[in-house]
Amino acid sequence: MTKLSPSAAKKKRVTIGKVGAAHGIHGEMRIIPLTDFTERFTSMKEVMVGDELLHIESCKYHKQYVLMKFREYPIREDAMRLTGKLLTVDRSEAAPLAEGEYYTFDIIGLTVYDVSGKELGRVENVLRTGSNDVYQARRLDGGELLIPALKAVVKEIDIADGRMVIDMPEEISDAH
């Protein structure tokens, strides 16, 4: 069996939530959803929390949180040790996306090129603006490049090769 490097192992996992504070006295924990597919929680039987595989005993929605109780942590004080840890699932369990849709974690880290093949920088963040996402990239000179996630601008996204090709209007790309 080949052992994956920690970064390669991380790429095979998808973060879907983060453990918040304890809720009540029976070991339930508030889960802050970090996924657009919050309905997935109720059908799950187990999940990785940090480096530990935990079995979900109960799951319900409460305000903006998901309340989960894990079999391995029946006591509130023990469950509180999970606070701040990330919930992840195997990449194969990621919710399917429509054609032309990408996971944020796949976009972050892509190298950005212009249509002539010149390297412009690397995507560091995805900003959700409401109308369309904006890819926040770090230029080679250290400056910031904001790329609207529009078909007119983003010509190609190649997750396997770690590339994004853009055709930025001059008035946007020349602004620093």
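This report describes the fold, the nonpolar cores and several individual residues of a predicted model.

**Overall make-up**

The protein contains four helices and 12 strands. It has 176 residues, of which 34% count as buried. Its accessible surface is about 10900 Å², and carbon and sulfur atoms account for 52% of that area. Taking contacts between residues at least 6 apart in sequence, 45% join residues at least 24 apart.

**Nonpolar cores**

The largest nonpolar core is made of 23 residues, and Ile31, Val47, Phe70 and Leu87 have the most contacts inside it. Six strands, β1 (13-23), β2 (28-33), β3 (46-49), β4 (52-62), β5 (65-70) and β6, each supply at least two residues of this core. Strand β1 gives the largest share, four residues.

Phe70 shows how parts of the chain meet here. Leaving aside residues up to four places away in sequence, Phe70 touches Ile31, Val47, Val49, Leu54, His55, Ile56, Glu57 and Leu82. There is also a second, separate core of 16 residues; Ile107, Val123, Ile147 and Ile157 are among them.

**Thr88 in strand β6**

Thr88 lies in strand β6, which covers residues 86-90. Is Thr88 buried or exposed? Thr88 counts as buried because its relative accessibility is 11%, and the cut-off for buried is under 20%. Its side chain makes a polar contact of 2.9 Å with the side chain of Arg13. Arg13 is also one of the residues that Thr88 touches, together with Val14, Thr15, Val47 and Met48, when residues up to four places away in sequence are not counted.

Tyr61 belongs to strand β4. With 41% relative accessibility, Tyr61 counts as partly exposed. Which residues does Tyr61 touch, not counting residues up to four places away in sequence? They are Thr38, Glu39, Arg40, Phe41, Thr42 and Val66. Within this group, the backbone oxygen of Thr38 is reached by the side chain of Tyr61 at 2.6 Å. Phe41 is 20 residues from Tyr61 in sequence, and the two are 9.2 Å apart in space, C-alpha to C-alpha.

Lys63 is found in the loop between β4 and β5. Its phi is positive, about 55°, although Lys63 is not a glycine. Most residues other than glycine have a negative phi. Lys63 counts as exposed because its relative accessibility is 72%, where the cut-off for exposed is over 50%.

**Aromatic rings**

A search of the whole structure finds one aromatic pair. This pair is formed by Tyr103 and Phe105, with 4.9 Å centre to centre and 10° between the planes, and it is stacked. Tyr103 is buried, at a relative accessible area of 17%, whereas Phe105 is partly exposed, at 26%. Elsewhere, a charged group sits over a ring: the charged end of Arg163 is 4.3 Å from the centre of the Tyr113 ring.

**Accessibility of the residues discussed**

The table gathers the relative accessibility values stated above.

| Residue | Relative accessibility | Class |
|---|---|---|
| Thr88 | 11% | buried |
| Tyr103 | 17% | buried |
| Phe105 | 26% | partly exposed |
| Tyr61 | 41% | partly exposed |
| Lys63 | 72% | exposed |

Conventions: Residues are numbered from 1 along each chain as its sequence is written. This is a predicted model: local features need pLDDT of at least 70, side-chain atom pairs count only at pLDDT 80 or more; totals for chains, interfaces and linings use all residues. Side-chain values use heavy atoms; hydrogens and water are left out. Buried means under 20% relative accessible area, exposed over 50%, partly exposed in between (1.4 Å probe, protein chains only). A polar contact is a pair of N or O atoms within 3.5 Å; within protein, one must be able to donate a hydrogen and the other to accept it, and residues adjacent in sequence count only if both atoms are side-chain atoms. Contact means heavy atoms within 4.5 Å. A nonpolar core is a set of buried Ala, Val, Leu, Ile, Met, Phe, Trp, Tyr and Cys residues joined through side-chain atoms within 4.5 Å. Rings of Phe, Tyr and Trp (its six-membered ring) pair if their centres lie within 6.5 Å; planes under 30 degrees apart count as stacked, over 60 as edge-to-face and the rest as tilted. A charge sits over a ring if NZ of Lys or CZ of Arg is within 6 Å of the ring centre and within 35 degrees of the ring normal. Accessible areas come from the Shrake-Rupley method with a 1.4 Å probe; for residues, only the protein chains shown count as cover.
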